[in-house]
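Let's take a walk through this protein together, starting from the inside. Have the sequence and the 3D view ready, and we'll go step by step.

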Amino acid sequence: MRVPLEPDMFDPVCPTTLTPIRFGDKWAGMILRCLEGGPRRFSELRVPLPGVTARTLTRSLRGLERDGLVCRAEGHGYALTPLAVSMLEPMNAACAWAREHWDELIDAREAGLGLAADSPH
C-alpha cells in the first residue's frame, strides 16, 4: 500500500519559483517529485499542490507525457518513465543549489521587483 501524499509536502515558499533552473513548466518539478514514490492518480496529485487548478495540472501532465517523462499507469494514474527517473539526480542537484543560494535568490528577486516598480511603464 502506498503512503498518501502529504498536503504540506512542499514548503509554501518553495524555491521552485525562485531558481532559474526549470524542469518543464512551473508545476512539472513538483509533479515529478509527487510521482517519485510510485504511480499516483490525478486526485492524489492535487493534495500537495493546492495552488494548481485541475486544468493547469492536466496541461502539465500532458506536457510531461509529450516529453516522455510521465506515462499513464494502467489503473493507477500517472507514473514516471525511466527517462524521468534519470532526471531525479539532476533535480536533486538543482534543489541543493537553490537551498544553498536561497538568500541570494530572495535578494535578487526582491531587487528585481523593486526595479519593476520603478519602471516608467
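**Starting from the core**

The largest nonpolar core here has 23 residues, and those with the most contacts inside it are I31, L32, L45 and L49. A nonpolar core is a set of buried Ala, Val, Leu, Ile, Met, Phe, Trp, Tyr and Cys residues joined through side-chain atoms within 4.5 Å, where buried means under 20% relative accessible area (1.4 Å probe, protein chains only). Keep in mind that this is a predicted model: local features need pLDDT of at least 70, side-chain atom pairs count only at pLDDT 80 or more, and totals for chains, interfaces and linings use all residues. Residues are numbered from 1 along each chain as its sequence is written, and side-chain values use heavy atoms, leaving out hydrogens and water.

Who supplies this core? The elements giving it two or more residues are α1 (28–35), α3 (54–66), β2 (77–80) and α4 (82–100); helices (H or I, at least four residues) and strands (E, at least two) are DSSP runs, numbered from the N terminus. The largest share, 6 residues, comes from α1.

So let's look at α1. It's mostly covered, with 8 of its 8 residues buried. Those buried residues pack against α2 (42–46), α3, β1 (70–73), β2 and α4. Contact, by the way, means heavy atoms within 4.5 Å.

Where does α1 meet α4? G29, L32 and R33 of α1 make the contact with A84, M87, L88, M91, N92 and C95 of α4.

Finally, back to L49: leaving aside its neighbours within four places in sequence, L49 is in contact with F10, W27, M30, I31 and L57.

Note on methods
Buried means under 20% relative accessible area, exposed over 50%, partly exposed in between (1.4 Å probe, protein chains only).
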